[in-house]
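Hi,

Here is the structure I promised to pass on to you. Please have it open while you read, and then go through my notes below.

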Amino acid sequence: MSAAVGIFSASKQDGLKKNERNNNEEAREEKKKNNNKFVDDNEAKNNNVDDENEVDEEDDDPKLKPEKELDLGPPLSLKEQLEMDKDDESLRRWKEQLLGSVDMSALGEMEAAEVKIERLSIVCRGRPDIVLPIPFVSNPKSSLFILKEGSRYRLKFSFTVSHNVVSGLNYTNTVWKSGVRVEKTKVMLVTFSPRKDPYTYELEEETTPSGLFARGSYSATTKFVDDDGKAYLDMNYHFEIKKNWPSNNS
């Protein structure tokens, strides 16, 4: 009985060893397949990168670029663009919806829009408006206006647009004290169609700083620029913040 058990155990061990060898061989084969697949994938990726580089090089090839830029034709003024389709009712309504009500009398033959700043004023509660002169000649030895510390104010301006639509009109105001920038405001005023009547715009109300260190002389730059970078007003000036309002404005 013990001999039979010994033979059975030996046979079982031989079988386990064979199975272990077979499993090891299968694992090596599987690893080899995975390695080959990894190599193939890398080669495919490298080929794709090479192809992309070839495409980029082809794009940079000056021989493949057109010899001439696309000719869009001569630029037209807004008046010409509106009159050329005046008999097409659908196009006329579409342009009215896009541009709003356009004053034809404000249209000229010029292609570029013209913006004229008519009035700049500082509106303070319970005080007369402070009207800034336009055109303005900068004088670093004198202050253009004086504000009381801690007072509430807002900037109000009016302007006219003629000849064409002005796109993306921006108002920017930068303030320095003792050579250090203390404030920068930028407001997008959107797009305006030409008309004879001026547009009026008021900014949000602000409060002047207060305290000993807030008082003194400031320098500022105010600009009105469209999204093409054309400046319609660019003025540099000085103003003061004092403890009280000046007596001549009482």
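**Salt bridges across the chain**

Let's begin with Arg125, which counts as exposed because its relative accessibility is 58% (buried is under 20% relative accessible area, exposed is over 50%, and partly exposed is in between, using a 1.4 Å probe and protein chains only). Before going further, please note that this is a predicted model, in which local features need pLDDT of at least 70 and side-chain atom pairs count only at pLDDT 80 or more, while totals for chains, interfaces and linings use all residues. Residues are numbered from 1 along each chain as its sequence is written, and side-chain values use heavy atoms, with hydrogens and water left out.

Which side chain does Arg125 meet in a salt bridge? Its partner is Glu205, at 2.7 Å from N to O (a salt bridge is a side-chain nitrogen of Lys or Arg within 4 Å of a carboxyl oxygen of Asp or Glu). This pair joins distant parts of the chain, 80 residues apart: Glu205 sits in the loop between S7 and S8, and Arg125 in the loop between S1 and strand S2 (130-132). (Helices are DSSP runs of H or I with at least four residues, strands are runs of E with at least two, and both are numbered from the N terminus.) Glu205 is partly exposed, since its relative accessible area is 23%. Arg152 joins in too, because Arg125, Arg152 and Glu205 form a network of salt bridges.

In case you wonder about the background, side chains of opposite charge can pair when their charged atoms come close.

The structure holds six salt bridges. One of them pairs Lys230 with Glu114, whose closest N and O atoms are 3.7 Å apart. Here Lys230 lies in the loop between S9 and S10 and Glu114 in strand S1, so the pair links parts that are 116 residues apart. Both residues are partly exposed: Lys230 has a relative accessibility of 34%, and Glu114 has 32%.

Another salt bridge brings together the side chains of Glu149 and Arg215, at 3.1 Å from N to O. Glu149 is in the loop between S3 and S4 and Arg215 is in the loop between S8 and S9, so they tie together parts 66 residues apart in sequence. Glu149 is buried, with a relative accessible area of 14%, whereas Arg215 is partly exposed at 28%.

**The chain as a whole**

How many helices and strands does the protein chain have? There are three helices and ten strands, and from the N terminus on the order is α-α-α-β-β-β-β-β-β-β-β-β-β. Of its 250 residues, 25% count as buried. Among contacts with a separation of 6 or more, 70% are between residues 24 or more positions apart (contact means heavy atoms within 4.5 Å).

Thr174 lies in strand S5 and counts as buried because its relative accessibility is 11%. Apart from residues up to four places away in sequence, Thr174 touches Arg181, Glu183, Lys184, Ser219, Ala220 and Thr221.

Leu189 is in the loop between S6 and strand S7 (195-202). Leu189 is buried, with a relative accessible area of 1%. Leaving out neighbours within four places in sequence, its contacts are Phe157, Leu169, Tyr171, Tyr201 and Phe224. The C-alpha atoms of Leu189 and Asn170 are 5.5 Å apart, although 19 residues separate them along the chain.

**Two positive phi angles**

Val190 is in the loop between S6 and S7. Its phi is near 60°, a positive value in a residue other than glycine. Val190 is partly exposed, with a relative accessible area of 49%. His163, in the loop between S4 and S5, is not a glycine either, yet has a positive phi of about 75°. His163 is buried at 19% relative accessible area.

**How the lining divides**

The lining of the largest pocket is made up of 17 nonpolar, five polar and three charged residues. (Ala, Val, Leu, Ile, Met, Phe, Trp, Tyr, Cys and Pro count as nonpolar, Asp, Glu, Lys and Arg as charged, and the others, Gly among them, as polar; a pocket is an open set of points on a 1 Å grid over the protein atoms alone, where a 1.4 Å probe fits, with protein on both sides within 12 Å along at least five of seven lines, and lining residues have an atom within 4 Å of a point.)

Best wishes
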